[in-house]
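Dear colleague,

My notes on what was found in it follow directly after.

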Amino acid sequence: MTLSLPEIPTPSASPKPPSRTFKKSTDIADLAFHNLQLATNNSNHSAPSPTRGAILKDVEVKVKSYQHRRNSITADISGSGKTWNNPATHTKWSEKFSAKKTKSFGDRQQVRDDIIMERKAYRPLTVDSSWLEDESELETKLHPMKWDNRFGVRNSNCLYCWKGVSLGAFCNVCSLCPAVAHMQCTEGKNRGDSLSAEQGWRCYNCVQELDVTEESERVRIQEVLHKRAFFFAALKCQAYLLMQKERMFFRKKKRGIIRLQGVVLGIRQRKKFMKDVTNTYRSFRFKIGEFKGLRSSDPDGKPCDPVCITSIFNNNKSIDLDEAERQMYRFDTTTMQKGFTIFSLNCRVDLAFTVVDKDDIGRCNFLGQNTFDGGPVMKPAILSGRKAKLKLPLKFMEIEPRETSNRQPIRMDGLNSEPTGRIGVEIQPVSNIVNKVGPMEEMLSALLNGAKKKWWVVLIDRMLLLFSHQGDMRPKHEIPLKLATVTWHEKVVIKVQLTEKTWFLVCASWEDRLGWYNKITNKYNDTLERGTQSFKLANGYFRTKGEEKVEGGVGDQPEPAED
């Protein structure tokens with residue numbers, strides 16, 4: 001006898017194993033159940049057994065409820081109020097808020113209490129597995145009952161020769177039925193009966209019936225084992241589907257968290273970088289390029305001789321300063337002398353360009369002013385290394401420029417006159433490769449633990465300028481680095497040696513000390529120059545023929561500088 005089990009109905013098309021990646025519109029539960037295949041035999045049953053059907057139904061309901069719960073969570077997190085498979089339903093935050101306002105506080109509290117009670121009373125839908133604890137199904141239920149005379153009278157004829165038989169020592173009596181047989185009819189012949197000392201003699205009918213019953217019992221036990229194996233296979237399939245869905249959801253959530261962390265860290269680092277750029281001191285070169293459309297303050301209509309008063313004010317709101325103390329620098333430029341350099345300046349400043357016309361006695365006639373925050377203009381110039389070119393229209397006065405000595409406002413005439421014209425301004429930050437600004441300490445002796453003096457040091461145009469304080473206009477000392485020898489002293493001190501004096505300079509940290517040393521020795525600039533020349537030579541910008549250099553390659557390029 002062969003074992004027959006009901007098989008799962010499969011789709012008409014040939015099934016394929018589920019792929020690792022699915023489209024968003026594909027239901028993973030339906031896809032998995034359409035491709036679910038277990039080991040079954042070929043049978044004539046068209047419908048699954050009740051046990052198998054209950055298991056499959058429970059698994060399908062559980063997986064679909066899990067999918068629905070995940071879609072609800074995704075919709076709640078996104079705030080769109082729509083499920084994955086139903087994009088038509090869309091609820092805005094404004095609609096939710098309006099619906100929330102229409103309910104009283106007691107109604108909203110009751111809804112929250114109901115949700116809490118539902119969560120507390122929630123019991124997940126699980127498969128009833130209590131029948132697995134019953135081990136009696138695996139026990140053999142075949143217990144033959146011996147023949148008893150109370151059941152009836154035994155046969156009087158032999159089972160084989162049908163002759164009369166008298167019960168006694170010369171006949172065999174079946175232990176399970178009323179059949180009898182002559183002893184000589186059963187000796188030496190294979191008639192399908194059996195004889196043993198424990199069970200006695202059994203006729204061939206009882207032996208065949210016992211064999212059939214034992215086979216059916218074996219089939220029954222095998223069916224129980226198959227049912228349990230199918231149950232565990234369904235549980236494993238269910239666990240795999242839930243695990244795969246949880247894995248995909250976790251991966252999606254992890255990618256979102258990593259992306260969110262990257263965005264937050266990027267914003268934080270950009271803010272920190274821009275803060276460092278804003279607070280770091282640099283050297284700037286200013287140039288007043290042109291004066292156009294200025295009105296004449298002379299009664300005779302003669303052309304004016306404009307003077308641009310550049311005032312730089314501190315706009316740091318965290319420092320309590322009055323109007324007189326806010327002015328940091330002041331520079332007067334004419335049409336003949338258009339440019340000036342500020343050795344130490346950060347981006348937290350306000351720039352005011354006031355154009356006046358000075359007469360013969362030195363009195364100023366106001367022609368116009370333009371004031372703006374220097375940070376948005378100076379930061380891009382620092383990051384790009386290019387000069388910022390501005391065309392500033394002249395307006396009425398907003399900030400009064402003050403004298404450098406007594407900090408008093410400059411006296412001007414014509415403040416109520418309508419300003420006309422504009423001026424051109426160029427702001428160029430000095431390259432960070434050859435420029436550095438910051439505090440340093442001078443060792444007054446060669447002893448490492450000796451007395452020290454603080455300086456505000458500016459490195460610009462191969463000159464090392466020492467100021468007593470940050471913001472001073474004139475340096476106390478000027479050290480030409482082209483005439484100096486720069487070496488390390490005791491491996492921690494920068495030694496700048498001139499013919500008449502030697503300077504021992506140190507910094508608070510080793511990084512700052514190394515940065516100062518590399519810039520003072522012009523190491524950064526030399527490395528950049530060598531790399532530029534190597535790139536030009538490698539790309540054929542210059543060709544050498546003997547000792548004469550011949551230009552070649554792309555366009556007309558200048559000859560490389562001598563190393």
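Phe331 and Phe340 are both buried. Please note that this is a predicted model, and that the values in this message are computed from it.

The structure holds 11 aromatic pairs. One of them joins Trp147 and Phe151 in an edge-to-face arrangement, at 5.6 Å centre to centre and with 80° between the planes. Phe151 has a relative accessible area of 47%, so this residue is classed as partly exposed. In the pair of Phe331 and Phe340, the ring centres are 4.4 Å apart and the planes meet at 10°; because planes under 30 degrees apart count as stacked, this pair is stacked.

Two lysine side chains are also placed over aromatic rings. Lys501 has its charged end over the ring of Trp503, 3.7 Å from the ring centre. Lys436 lies over the face of Trp516, and here the distance to the ring centre is 5.6 Å.

Turning to the helices, α6 (residues 204-279) packs with α8 (residues 375-384) at an angle of about 100°, and their axes are 10 Å apart. Since angles of 65 to 115 degrees count as roughly perpendicular, α6 and α8 are therefore roughly perpendicular to each other. On the α6 side, the contact is made by Phe273, Met274, Val277 and Thr278; on the α8 side, by Lys379, Ile382 and Leu383. Sorted by class, the contact of α6 with α8 comprises 5 nonpolar residues, 1 polar residue and 1 charged residue.

One loop position may also be of interest to you. Thr499 is located in the loop between β19 (493-497) and β20 (502-506). The relative accessible area of Thr499 is 81%, which is over 50%, so Thr499 is exposed.

Finally, some totals for the chain. The secondary structure of the protein chain consists of 10 helices and 22 strands. Of the 563 residues in the protein chain, 33% are buried. Among contacts in the protein chain with a separation of 6 or more, 62% are between residues 24 or more positions apart.

With kind regards

Methods:
Residues numbered from 1 in each chain as written. Predicted model: local features only at pLDDT ≥ 70, side-chain atom pairs only at ≥ 80, totals over all residues. Heavy atoms only, no water. Phe/Tyr/Trp six-rings, centres within 6.5 Å; stacked < 30°, edge-to-face > 60°. Buried < 20%, exposed > 50% of the residue type's maximum accessible area, 1.4 Å probe, protein only. Lys NZ or Arg CZ within 6 Å of the ring centre and 35° of its normal. Axes fitted to C-alpha atoms, helices over the stretch in contact; angles between N-to-C directions. Helix = DSSP H or I, 4+ residues; strand = E, 2+ residues; numbered from the N terminus. Parallel < 35°, antiparallel > 145°, perpendicular 65-115°, else oblique. Contact = heavy atoms within 4.5 Å. Nonpolar A, V, L, I, M, F, W, Y, C, P; charged D, E, K, R; others polar.
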